[in-house]
Amino acid sequence: MALTVERYTNTVEYHESTAMTTVNDTFEIACHADTYTFALVVSGGANFTVALELNHSASTNTWFEIDTTKTINSNGNYEYFYTGKAASRIRCRIDSISSGTPSIEPHIIVHYNG
């Protein structure tokens, strides 16, 4: 569930959500683009992995890895940039938690080049 959406002359959309804390918590948006950025603000001192995934159809629930699962084991800000990976929807998902209780504030920036 997006809390805010900002558009800048139809070239960039900025989405942010409330914190994700448990396995399979997701932040999903419709994007219809091939260039986007995931920015994660991490606190809670946990060791966990996040999956960055895409979907090609609004009518199916089949997700594909954008990149390999990312392991995060310290608090901080993390950014992952992707281009040339067309999608209808993208999401960030907590894949697993090895220790601790993470708090991940996800932000997704979609770039429209056209």
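Q: Why does Tyr36 count as buried in this predicted model?
A: The relative accessibility of Tyr36 is 0%. The term buried applies under 20% relative accessible area, so Tyr36 counts as buried.

Q: What makes Phe38 and Tyr82 buried?
A: Phe38 has 0% relative accessibility, and Tyr82 has a relative accessible area of 8%. Both values fall under 20%, and therefore Phe38 is classed as buried, as is Tyr82. Across the protein, buried residues account for 40% of the 114 residues.

Q: How many aromatic pairs are found in the whole structure?
A: The search finds two aromatic pairs.

Q: Why is the pair of Tyr36 and Phe38 called edge-to-face?
A: The ring centres of Tyr36 and Phe38 lie 6.1 Å apart, with the planes at 85°. Pairing requires centres within 6.5 Å, and an angle over 60 degrees is edge-to-face; the pair therefore receives that name.

Q: What makes Phe38 and Tyr82 an edge-to-face pair?
A: Their separation is 6.2 Å centre to centre, and the angle between the planes is 75°.

Q: Why does the pair of Phe38 and Tyr82 tie together parts that are 44 residues apart in sequence?
A: Phe38 belongs to strand β3 and Tyr82 to strand β7, so the pair joins parts separated by 44 residues.

Q: How do you know that strands β3 and β7 pair?
A: A pair needs at least two bridges, and 14 bridges join β3 (residues 26-43) to β7 (residues 76-99) in an antiparallel arrangement. Leu40 stands opposite Tyr78 in β7.

Definitions and conventions:
Residues are numbered from 1 along each chain as its sequence is written. This is a predicted model: local features need pLDDT of at least 70, side-chain atom pairs count only at pLDDT 80 or more; totals for chains, interfaces and linings use all residues. Side-chain values use heavy atoms; hydrogens and water are left out. Buried means under 20% relative accessible area, exposed over 50%, partly exposed in between (1.4 Å probe, protein chains only). Helices (H or I, at least four residues) and strands (E, at least two) are DSSP runs, numbered from the N terminus. Rings of Phe, Tyr and Trp (its six-membered ring) pair if their centres lie within 6.5 Å; planes under 30 degrees apart count as stacked, over 60 as edge-to-face and the rest as tilted.
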